[in-house]
Structure formats: C-alpha cells, structure tokens
Amino acid sequence: MSKILVIDDEIKLRDLLARIIGLEGYDVIVADTFKAGLKKLELHQFDAVLCDVKLPDGNGVDLVKVIKGKFPLTEVILLTAYGNIPDGVQAIKNGAFDYITKADDNNRIIPLISRAVEKVALNKRIVSLEQKVAQKYSFDAIISKSKSISFAIELAKKVSPTDTSVLLSGETGTGKEVFSQAIHQASLRKEKPFVALNCSAFSKDLLESEMFGYRIGAFTGAVREKKGLFEEADGGTLFLDEVAEMAIDLQAKLLRVIETGEFFKVGNSVPTKVNVRIIAATNRNLQTEIANQHFRSDLFYRLAVFQISLPALRERLADLEPLVHHFITLFSAKTNKRIDIIEPEYLEALKQHEWNGNIRELKNVIERSVILCNDIITFSSLPSEFQTNQITKSSDKILSAFDLA
C-alpha cells in the first residue's frame, strides 16, 4: 500500500484530506509543521507528500528542495491558498511534482496523487534494475579464487576510476567483455552509456559507418543521418573487441579520435566532438601484428597505456569448480530445475579438459548438461569428446601399471 504524508497546519483541512485520500486505499500519515513533517519522513518511506505552502515554521517551496535532496524518489505536491506564478515556478525548479490552489483544484488532488505514485513505482523499478545491472557487471561478480585472475582484478580496480585507455589481452572466451563492463561500472562514467563493438563482425566500410556514423547522401542507401557508436557512447565507455581485426587505415582514424576527441562522419567535412573512454581487447599478440605491419605502433601505445592480461582457464583451474557451480545455478534457474549433486567423474573430466574456448566453452558445456540432467549432473551428459578423452586417459593409467619398459 502506498504511503502518503499530508503536511498542513489547518486541522480541519488536514483531516479532510487525510480522509479523502485514505478512502482511495492509501495509507495516510499527517503532520502540522515543517519540522514534524521531516521527522515523519525520517521514520517512514513515503511515495508522495501533500504539503501546504505556508507553514508555521517554514515554507513548503523550500521544503520541496529538502525532501528531494534527502528522499529523491518521493514526489511532492504543493497546496496553496493563493497561488502565484513565482512560487509555482520555484516549486517546480525545486523538484515539486505539481503546485495547485486549494479549493479551486480539489478535484485534481486524487488524480495527481495517483500519477505521482505511478511515477514513484516506475522510478523504483528503474533503480532496482540499475542496481541489478551494477551488481551483475561488478568486480564482485567475477569468480576469482586463483592468484592470476585476482591479480588482473586488482589492476582493473586501480585503473577504473581514471579515464585512461585500457587494453585487455587474452585468449577468446577469457572474459574480456566482462572485465570491460566491470571497469565501466567502477568508473565515474557508470551513469553514462557502455557501448560494445566487435571489430571482427564488420567489413572495413561497414565498421567505419558503425564507429563514426554517416550523413544523408554519403553513399547509395544513406537516406537518413546515422549516429555512430562514438556518439552513442559520448560521456561513457566504448569497448572495442578484437581491435586487431581493424583495417590499418581505419586504425589511423581511431587514433585521431583518441588524440583529439573528434572525428568525421562518413560524407561529412565538419568534425564531431565526443568525450569517450576507450577499452580495447584482443586475442592476438599486438607486438607481432606491429612487426608484420598489420597494426599501427602509435595506436598500440595509445591503447596500451594500461594493459591487463587475462589468464586462460587452464591457468586458473582453482576457479573451475566455483565456475561450474555458478553456471549450474544460473542455468538451473533458467530451466526451472533443482540440481544439488555433481558426479565426481564429471568434475574430473572437466579438470582434464584443455579448454581452448575458455570460460565461454565451459558455460556452453554446463548449459548442455543442465538441459540433459535432473537432480544430478552426470558424466554421461558431457559432449562425446569429453567422454572419449576421459576413457582414453583412464586406459593409459591402467596400461602404465604394466609398462615394464
């Protein structure tokens, strides 16, 4: 039930408003002064406050600013006996939901409260979703029992609050995008967009259009202006995955944006200014790419101001079992199953695997097993290559006992 606070020093009007609002199904609490109203706000969580402008110990217009400062999700509706434009303007500037005149606007009170309560409910959902996103992409969400991944996390935490460019290196599937999201969420840019672009997913011309956008008529089919991802990420973070796949001449344009904070849309001669933090990622050795003239050395040094190497899963086996349990919990929830037991043979087979696809491969394997199993994750739910490898290794161990050579 939504809770409403009525602040008015006129007892008859205050009680009348409380009764009318209560009959609509709201939980109503009353106060007669500025000070008493603030005490009630400290004790209860209100969705809306209905407040008189003229109070014995203060002004409702000023109270709005105090309430919105301490309780930003609470909406305030001001009541006045004699409405005037300057007060109304200031009330709205201070964050009031509305400013209405007593008697003349009585019929508006209940609809206004209803709309205010709806707005509060929507804002609460938004805040809840933002908190879930922040939690999902925080460093705390990264499973890190092994020293190698813990070291990478510590480095990432130190660079997060800065605007420094970051280069994440590591094999495919080691969690480079997860790290980039965590760095963004721990930065001062977390309220601004995080935009991800896989550079290997586009041809050179399409990648340029995706990055920088284009103006109308820039090429055949450009019937409207398009924002590039640099513009979409303005104020926030742009994650460039597989940056080594970018064509060498496009690398020069990327370098210009990093150095000057401006770029040219395709077909435009006027530069566009942006404020974007770059986090790049690659599964290649960029020093080798530079030696082979596939990557610009000047771009490398701008991207690799702070470089973090992410270990392969086979280098962080201490995290394997916790990751298995994490993914089982995740996919059990998605498939409405309860799985409490994992066969020892299953875990042993996972530990013996090479994991060339790293965490991404592990996630896919666990999802398959959860789909196939009920209650117990069994060895037989593994893909055939896991079972073949395990049988072969077991045979090798048996034969070695009779190896007399």
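Which residues of E8 are buried on one side, and which on the other? Keep that question in mind while you get your bearings. What you're looking at is a predicted model, and strand E8 covers residues 166-169. Here's a handy rule: in a regular strand, side chains alternate between the two faces of the sheet. Now check E8: Val166 and Leu168 sit on one side, Leu167 and Ser169 on the other, and all of them are buried. In other words, both faces of E8 are covered.

Let's zoom out to the sheet around E8. Five strands make up an open sheet in the order E9-E12-E15-E8-E16, and the pairing is parallel. E8 runs parallel to E15, and four bridges join the two. On its other flank, E8 pairs with E16, again in the parallel sense and over four bridges.

Next, look at the greasy parts. The largest nonpolar core has 32 residues, and Met211, Phe230, Leu238 and Leu254 have the most contacts inside it. Several elements each supply at least two residues of this core, including strands E9 (194-198), E12 (237-241) and E15 (277-282), along with helices such as H8 (204-212) and H10 (248-260). H10 gives the most, with five residues. Skipping its neighbours within four places in sequence, Leu254 is in contact with Met211, Phe212, Phe230, Leu240, Val243, Met246 and Leu299. There's also a second, separate core of 24 residues, and Leu347, Trp355, Ile359 and Ile377 are among them.

Finally, hop over to a pair of helices. H2 (residues 34-43) and H3 (residues 60-70) pack at an angle of about 15 degrees, with their axes 12 Å apart. That angle makes H2 roughly parallel to H3, and their crossing is right-handed. Which residues make the contact? From H2 come Phe34, Leu38, Leu41 and Glu42, while H3 brings Leu63, Val66, Ile67 and Lys70.

Definitions and conventions: Residues numbered from 1 in each chain as written. Predicted model: local features only at pLDDT ≥ 70, side-chain atom pairs only at ≥ 80, totals over all residues. Heavy atoms only, no water. Core = buried A, V, L, I, M, F, W, Y, C linked by side-chain atoms within 4.5 Å. Buried < 20%, exposed > 50% of the residue type's maximum accessible area, 1.4 Å probe, protein only. Contact = heavy atoms within 4.5 Å. Pairing = 2+ DSSP bridges. Axes fitted to C-alpha atoms, helices over the stretch in contact; angles between N-to-C directions. Parallel < 35°, antiparallel > 145°, perpendicular 65-115°, else oblique. Left-handed = near helix turned anticlockwise from the far one by under 90°.
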